[in-house]
Amino acid sequence: MVSVVQNVAIDCSDAYELARFWSEATGSPLHPGAGRGDRETAVMLAEGPLLYFNQVPEPKTVKNRIHLCLRPTASREEEVERLLGLGATLVTDRRQPDGTGWAVLADPEGNEFCVLRGESDHASPSS
């Protein structure tokens with residue numbers, strides 16, 4: 001017997017708005033019944049588990065212990081710029097002069113995530 005990951009739960013102060021950011025970031029639709037003011041909603045990823053957003057009263061106070069790593073279909077640099085334009089912020093730049101590495105960004109509520117080298121960067125699975 002095994003367990004299957006159903007969703008990745010993300011606590012937040014505004015479930016709908018944060019889900020909207022992640023919907024745009026991933027190019028995946030919001031749950032069909034999602035609407036402003038919802039305390040819970042989800043982003044329907046094409047593959048893998050749902051991104052589930054749950055509104056909680058307490059704010060984020062420390063670094064995430066689990067985070068998402070994104071591998072863009074475009075270049076890493078193009079994707080970092082696009083995500084910054086959607087409202088993300090740059091937390092740590094781990095990009096190296098030889099093209100390896102990643103960028104650590106935070107979503108509009110401060111949840112950290114990484115942007116790896118993109119498919120067009122010809123990245124190895126570890127970068």
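Student: What should I know about the model before I start?

Tutor: It's predicted, so local features need pLDDT of at least 70, side-chain atom pairs count only at pLDDT 80 or more, and totals for chains, interfaces and linings use all residues. Residues are numbered from 1 along each chain as its sequence is written, and side-chain values use heavy atoms, with hydrogens and water left out.

Student: In what order do the elements run from the N terminus on?

Tutor: They go β-α-β-β-β-α-β-β-β, with 2 helices and 7 strands in the protein. Helices (H or I, at least four residues) and strands (E, at least two) are DSSP runs, numbered from the N terminus.

Student: Which residues of helix α2 are buried?

Tutor: General idea first: an α-helix has 3.6 residues a turn, so residues three or four places apart point the same way. Here α2 covers residues 76-86, and its buried residues are Arg76, Glu79, Val80 and Leu83. Seen down the axis, they fall within an arc of 100° (taken from the directions from the helix axis to the C-beta atoms), so they line one face of α2. Buried means under 20% relative accessible area, exposed over 50%, partly exposed in between (1.4 Å probe, protein chains only).

Student: Which exposed residues sit on the face of α2 turned away from its buried side?

Tutor: Glu78, Glu81 and Gly85.

Student: And what covers the buried residues of α2?

Tutor: The cover includes α1 (15-26), β4 (68-70), β6 (103-106) and β7 (112-115). Just after α2, Gly87 takes a positive phi of about 120°.

Note on methods. Contact = heavy atoms within 4.5 Å.
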